[in-house]
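Hi everyone, thanks for making time.

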Amino acid sequence: EDSMYSLNAGKIEISVPTVITLALNENADYVAGYEDNTFRPQNNMTKAEAITLLSRIIVDENLIKGKVSSTFTDVADGAWYEPYVGFFEKLGLLDTIAERGGTIIKPTQNITRAEFAELIYRIALLGEPVSSLKAGELTDVKWNHKYISGIYYTYGCGIVTGYDDGSFKPENSITRAEVVTIINRMLCRKPTGASGGQTFTDAVVQTLADLPQPIAFVLWGAQ
């Protein structure tokens, strides 16, 4: 009452913009195993897990954890994946895989190979203009496929490979093994077993139909 100016009682929300630099981090700790020290390479990956993993390779997660929210109606407030989904949402990276007019993302649903390729393509669009690439036709990808650009971009770059029969299997749920191999290709990174890497009890070297070379599951990362 003694001051020259006064404010009405109430609550005002103020948004303060934060500048975050995005760049591929070749040394990102992007993936972790389970509490029982297994990696479970043939397990599938949910959309929330995939978005979280991809977020970690382009931004320091400490800059977004607890600071970014999501407007998707099926992403609960405080969910462990909310800041990562919200981050990708605000960058416009989820526009093409969101459903019901962009109101839901189905975070706990397994992500398909086509959807994962689409996310990588959308990340690429944030940087330099993406060239049109074609490296032969995939027998099971029609040219009116929703994610045709993402599929052929990642396929043409050699980031995501097809199968021996010429197919891509776009609607198949992607496995954790495939995701790690794809991201390592994207980052030009090769697991070497060097000191500091994490190994898992089920990290058997195996050859997948989708991947021409064996995968050694010696991973970097902590959740």
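Threonine 112 sits in the loop between α2 and α3. At 12% relative accessibility, threonine 112 counts as buried; the cut-offs are under 20% relative accessible area for buried, over 50% for exposed, and partly exposed in between, with a 1.4 Å probe and protein chains only.

A quick word on what you're looking at. This is a predicted model, where local features need pLDDT of at least 70 and side-chain atom pairs count only at pLDDT 80 or more, while totals for chains, interfaces and linings use all residues. Residues are numbered from 1 along each chain as its sequence is written, and side-chain values use heavy atoms, with hydrogens and water left out.

Now the overall layout. The protein chain has five helices and two strands, and from the N terminus they run α-α-α-α-α-β-β. Both kinds of element are DSSP runs numbered from the N terminus: helices are H or I with at least four residues, strands are E with at least two. Of the 223 residues, 45% count as buried. Among contacts with a separation of 6 or more, 71% are between residues 24 or more positions apart.

So what about the core? The largest nonpolar core holds 51 residues, and Leu54, Ile57, Phe88, Leu94, Phe116 and Ile183 touch the most other members. α1 (47-56), α2 (82-90), α3 (113-125), α4 (148-157) and α5 each supply at least two residues of this core, and α3 gives the largest share, six residues. By nonpolar core I mean a set of buried Ala, Val, Leu, Ile, Met, Phe, Trp, Tyr and Cys residues joined through side-chain atoms within 4.5 Å.

Take phenylalanine 116 from that list. Leaving aside neighbours within four places in sequence, phenylalanine 116 contacts Ala50, Leu54, Ile111, Ile174, Val179, Ile182 and Ile183.

How many of the eleven residues of helix α5 (residues 176-186) are buried? Ten of them, so this helix is mostly covered. Among the buried ones are Val179, Ile182 and Ile183. Just after α5 comes cysteine 188, with a positive phi of about 55°. Cysteine 188 is exposed, at a relative accessible area of 72%, whereas cysteine 157 is partly exposed at 36%. And the disulfide count is zero, taking a disulfide as a pair of cysteine sulfur atoms within 2.5 Å.

Next, how do α1 and α2 meet? They pack at an angle of about 70°, with axes 9 Å apart. That makes them roughly perpendicular, a label for angles of 65 to 115 degrees, with under 35 roughly parallel, over 145 roughly antiparallel and the rest oblique. The axes are lines fitted to C-alpha atoms, for helices over the stretch in contact, and angles run from 0 to 180 degrees between N-to-C directions. Ile51, Thr52, Leu54, Ser55 and Arg56 of α1 meet Tyr84, Val85, Phe87 and Phe88 of α2.

Last, two lysines. Lysine 106, in the loop between α2 and α3, has a positive phi near 55° and is partly exposed at 28%. Lysine 169, in the loop between α4 and α5, also has a positive phi near 55° and is partly exposed at 26%.

Notes
Contact means heavy atoms within 4.5 Å.
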